[in-house]
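Dear colleague,

I am handing over the structure below, and I would be grateful if you could look through it before reading my notes on the contacts between its parts.

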Amino acid sequence: MNIVQYTKAASLEEAWELNQGRGAVVLGGCCWLRLSPQRRIAQAIDLSGLGLDAIEERDDSFKIGAMVTLGAFGSHEGLLTYTKGAVKEATRHIVGTQFRNLATIGGSISGRFGFSDIWTLLLALDADVELYKGGRVPLSDFGKTGPGKDIVSHIIVPKKSSQTAYASLRLNETDFPIIAAAVHVDGKDVRCAIGARPGRAEVMTLPVDTVKTLGCEKAGREFAEKVTYETNQRGSSEYRHDMAVVLCRRLLAQTMGDDV
Amino acid sequence: MMEFKSINKVVAKKDSQALVTGQPVYTEDIMPKDCLIVKVLRSPHARAIVKKVNKSAAEKIPGIVCIVTADDVPKSRFTIAGQTYPEPSPYDRLILDKQIRFVGDAVALVAGTNQAAVDKALRAIRVEYEVQEPLLDFTKALDNDIVVHPEDDWKPLVDVGGDNKRNLVAKACDRHGDIDAVLASSDVVIDRTYHTRQNQQAAMETFRAYAYKDAFGRLTIVSSTQVPFHVRRVVSHALEISKSKVRVIKPRIGGGFGSKQTVVMEVYPAFIAWLTGKPAYMVYSREESLTVSTPRHESQIRVVLGASKDGHIRGILLDSLWNAGAYGEHTPTTVTLSGHKSIPLYNAAEAFQFSYTCVYTNTIAAGAYRGYGATQGLFALETAVNELAEALHMSPVELRFKNMVRQNQVLPAYFNETALSCTLDKCLERVVSMSGWDDASPRKVLPNGHIQSVGLAIAMQGSSVSNVDVASVTIKVNDDGFYTLHIGATDMGTGCDTILAQIAAECLMCSVDDIVTDGVDTDTSPYDSGSYASSTTYLTGNAVVKTCESLIRRMKELAAVKLGLSDTDLDDLEFDGKAITCLQNGKSITVRDLGNGAMFMNGIALEATESSYSPTSPPPYMAGAATIDVDPETGHIALLKYDAVIDCGTVINPSLARVQAEGGIVQAIGMALTENVQYTPTGRLQNNSFMQYRLPTRLDVGPVNVEFEPSYEPNGPFGAKSIGELVIDSPSPAIAHAVYNATGVWVRDLPITAEKLYQAMKHKNL
Amino acid sequence: MMITYWLNGKKSSADIEPGMMLYDFLRSQGCYSVKCGCETTNCGLCTVWVNDVPVLSCAVLAVRIDGCQVTTLEGLQEDAKEFAYYMGLQGADQCGFCNPGFVMNVLAMVRRFDSPTEDDIKEFLSGNLCRCTGYMSHMRAIKEYFKAKGKEVRS
């Protein structure tokens, strides 16, 4: 790797200042750093000394530090209970234990990868991103803008009385998803996120009553048809579309059960 | 069954402690630290002519020692196929060529003192290409206007029907009986075409080698190879130097599966070391290993089966179209197995015809991969037989029992060899019961809507290349009577060092621990064709038996001298593993005293070397059953379990044989379901990393249950046949069959991805 | 950059380039057990422990081990020898190239679980690819090893 300067930041302020320079990169888990070995990083900024590796469970939310690993995220008791296991389902396919011990939530969010299981789940969970300067913004808005020169410090998952479920299709168990979907149902709304289209996940909302009226089959189709799909080596747009319909329907049935 | 002391027993591999505890025993662990680093500049174009290479800027980079282009290399063509000379593969390579034939073809070699400098130099070289239209579709290759090998010095050593101006590597047809008449008079005829793609061997240790000149001015190459003696010849041809100048050493190697039966990259560091006089090391990245080595040949196989109403398979026509890719390594030979290692399974046929055509294209050059062409042929033939069963409304089990090869039959489709050992019928019977196969309902709909189903296939392979392969063994008696076993065959993790030591221990009536083994060194090891073609246990095992017989005779000669019985008939001396005793007078000398005595006032060398070859290639057999779960809404297939019953003759080491079977089956499951090869329209391989080329993980496979139904092969050591390749042959057709049983869809193109199955079901239902 | 770390229990310092990966650093320190099988963090061959957590050394910047305990198979020889006995009997070592990374993860797993299920084990080890064995013999060896450790593997 071609890294000119590495700094383990002593404060978010220092990290932010360093990040204003050209060629600065905030390090996450570094899992895909080697994919571009010729890339020159003028300033690597390490947040690992800032205590951002904790998940704090509050009455109304989970505050997840940017340096929390995907392993810790997927096995956190509070999150497992709250999401009915969806955090595990959304992380267990990601390469392997050792990878998940490195890869960070902050990295997943900042990378804004189309194939991201994390994005798909967190969008459905109505999560916010906390930026050091920019404050708290909804993840869906963050998706449109990105971090720019700001730094993601936390992810906040609000707690609601709700049901959550996650599903994906893959060529094999540890592959990237061909298609991924998450559904989150609270008292009022059904939030459905579809990822790996292969573009970045998008989230849609329908009132619970509407979904009940439509039924899982039609509501699933309605969600699935609000977004577009493309073809890449993992699957055709047609297959992704059809599978999104299936997954959405199944997740609605799983989360809403006999209500529908 | 015979009682054995050392064989048919579980013995841990002799290197297992070193391997599991992570000792530095592989090529890169033991290389000199001052090696030059060698890398290749590769073409981004599938077909082009290198007009000019501007290397002046790159040469100025500190640390760069030399940059070599096509102008600087010897001009005689060679093949990198690791095969017995004269190789059937055409001599169609140069170390560097101006004609580029696939994406990744070598343009220049860069050597430098450190990797950073070499990487920088690779980026600094400017290449001017005349880009040409590539030929990517192998079904259109024959007599295409685009000629992959236009050169006039294209040189086949063996006439295999090739003609480079027609993009033809090999072509032939083999017939028995009147196939046309038999098909015309058959009650039911099915005619199907199947497609299999290139598959990557994906050994965990990528290709690597280092080379240096020794004190005598000779070139030593330490390489992760299956074929050290072939490396010696190939390097001597490529560099145009005498074979006496080349020595090849094989340390422990990190897997091969056939990929290291091709001399994929040794010529590069060898050339640099020869040129510069400096030690040179080269390691292929995973990307290089996936894009510029030699995967399994892509095939298109047409099968026509003619049968009577009552299920007699009367005629078999099999026609293979074989994609060699850019170069011809192993092409004329792998293709022959697609028919010769499949058709004989149905020995009741009155007539057969096996024809093949092998063509060049501008895709990655294919080569040797476990199964060596039989895998493709058996996917096609076994699926066709399952399709025939369907057409006949007959149980696929019954159909096979009616037609399959039985012990002592003569096999017209297998060079008229006789099946002296065959328990295939028992294998199938047993696998039917293990898998719970039910003729009436091979499919079950589960409460969640998924469908569980079973599919079946049988398979065969060979044991060594008959009348070609040579295996040699040297055994020495040392101080205190321990033995050193020298072989030229290469243990690539399969455990052949241990297996052959077990055979030697059985013959020498000693403990396996008394037999010491080592790697291979072409200067000191006896000649062996190499570890391929399912030859090691069978052929080198036979050489071990022969050598032990000679050695015992030698030991008796020396014992006679030491016991003062020089006039005694050696047959009156008895060897019991511990001592040699005269049956006439009871005088005795221990092996220990003999070993020590050989080093004092002695004129009889206590060592023996013997070679063996085999006029036959006895087939091992297997029956396999895949149990799968299909999600009919998504096409997703989960492999719930795989049952396999194998006839590999006598099982020398049950643990190692079982792992061979399990490993081969799981590789084949990858081939059947997930290992895809996709090209861009310009001929770039997209599946160029483990991110994109999906090997099965341990989450992807349910239990693999392996049992043995041993026959006794009279030509093998203690009745043994091969196992290593056979085991990769049955899963693809068994899984395709299970998929049909679940969904009613025959997927005739591998891999059977979820999307492929989903689309087939969707369009069938339209 | 200067870093101070403990490698297999021994405290050391080194001056390294900030772009150096832990994998390369460890091999430069003579830890040849650490192997590389891909360049895309997919294979698990380079697994080592950083502060007792199994990670992929090909994806860790060596500067990040400053102040950390790094463990390679060189530092776990007694455990490795014990496990090797069970691997050997199953023939599960095969070519051996993936073994060190796999063993590192198995040894982390045996410290973490007392009575895992087979599914727990498969999931924990899913990032360790092996092309030789087909994985079945691994499971048999692990079950025997757990038994020897007074633990059990549930079906």
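The domain bounds used here come from an automatic or database domain assignment, and please keep in mind throughout that this is a predicted model. For chain C, that assignment gives domain 1, covering 2–74, and domain 2, covering 76–148. The C-alpha centres of domain 1 of chain C and domain 2 of chain C are 21 Å apart, and their contact draws 15 residues from domain 1 of chain C and 15 residues from domain 2 of chain C. On the side of domain 1 of chain C that touches domain 2 of chain C, strand 3 (residues 47–50) of chain C gives the most, with three residues, and by class this side has eight nonpolar, five polar and two charged residues.

Turning to the chains, the contact between chain B and chain C takes 44 residues from chain B and 43 residues from chain C. Helix 1 (16–20), helix 8 (286–291) and helix 16 (654–673) of chain B each supply at least two residues of the side of chain B that touches chain C, and helix 16 of chain B gives the most to that side, with eight residues. Sorted by class, the side of chain B that touches chain C has 22 nonpolar, 14 polar and eight charged residues.

Chain B also has a contact with chain A, which takes 16 residues from chain B and 12 residues from chain A. There, helix 18 (residues 754–765) of chain B provides the largest share of the side of chain B that touches chain A, namely three residues, while by class this side has four nonpolar, eight polar and four charged residues.

With best wishes

Definitions and conventions. Residues are numbered from 1 along each chain as its sequence is written. Chains are lettered from A and ligands numbered from 1 in the order in which they are written. This is a predicted model: local features need pLDDT of at least 70, side-chain atom pairs count only at pLDDT 80 or more; totals for chains, interfaces and linings use all residues. Two residues are in contact if their C-beta atoms, placed from the backbone, lie within 7 Å. Helices (H or I, at least four residues) and strands (E, at least two) are DSSP runs, numbered from the N terminus. Ala, Val, Leu, Ile, Met, Phe, Trp, Tyr, Cys and Pro count as nonpolar, Asp, Glu, Lys and Arg as charged, and the others, Gly among them, as polar.
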